[in-house]
Amino acid sequence: RLMSAALRVSGLSKSYGGKQAVDRLGFEVRRGEMYALLGPNGAGKTTTLRMISGLLAADSGEIRVFDVDARADPIAAKQLIAWLPDEPLLYDKLTAWEYLEFVAGLWGIDPAVSGPSAQRLLVSLGLEPHLHERCEGFSKGMRQINGVYTQRSNRRHQRVGHLFQGRFKAILVDSDAYLLELARYVVLNPV
């Protein structure tokens with residue numbers, strides 16, 4: 001059975017000053033596939049992910065997320081994408097659990113919905129023993145795991161629970177640690 005494209009990129013380009021960071025890149029990711037951009041530092045991987053997520057304007061090219069033209073309708077495309085940056089922003093003075101509750105409250109998500117979902121994810125990712133510790137003491141890996149649950153494509157807006165309640169159709173990951181933890185979670189908890 002032929003699957004439709006979850007992400008289609010064609011002719012994508014971006015330059016900074018006179019330096020070409022991404023040069024006419026093209027690829028396609030089908031629904032249900034995991035796809036990795038591999039390359040040395042400075043190869044344009046993060047720049048590409050930021051353009052796809054709508055955080056950075058492309059100079060040229062086309063980005064389609066589930067057939068939504070991300071350059072023409074960035075809001076509609078962002079509603080389909082979860083963005084997981086290498087360094088998630090956390091409020092250090094809150095515990096992991098308080099942070100999740102705080103973000104859920106910002107988005108008006110009922111604690112009866114967000115709580116059990118957060119609990120399942122954090123147990124699965126090995127953060128349960130640290131739920132009541134302040135984020136300021138977390139290692140980079142622990143911060144990333146907590147960030148898996150709360151990040152969204154627009155850095156100023158985050159949604160607790162949406163990532164694993166099927167509200168996002170695509171997940172953009174800018175970290176190998178995220179990818180490994182996310183793959184482990186998805187394998188252990190199929191939708």
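Buried denotes under 20% relative accessible area, exposed over 50%, and partly exposed the range in between (1.4 Å probe, protein chains only). The model is predicted: local features need pLDDT of at least 70, side-chain atom pairs count only at pLDDT 80 or more, and totals for chains, interfaces and linings use all residues. Residues are numbered from 1 along each chain as its sequence is written, and side-chain values use heavy atoms, with hydrogens and water left out.

**Exercise 1.** Determine which residues are linked with Arg8 in a network of salt bridges.

*Solution.* 
1. A salt bridge requires a side-chain nitrogen of Lys or Arg within 4 Å of a carboxyl oxygen of Asp or Glu.
2. Arg8 meets this criterion with Glu28, the closest N and O atoms being 2.9 Å apart. The pair links distant parts of the chain, 20 residues apart: Arg8 in strand 1 and Glu28 in strand 2. Strands (E, at least two residues) and helices (H or I, at least four) are DSSP runs, numbered from the N terminus.
3. Glu28 also forms a salt bridge with Arg30, at 3.2 Å between the closest N and O atoms.
4. The network therefore joins Arg8, Glu28 and Arg30.
5. Arg8 is partly exposed at 30%, as are Glu28 at 31% and Arg30 at 24% relative accessibility.
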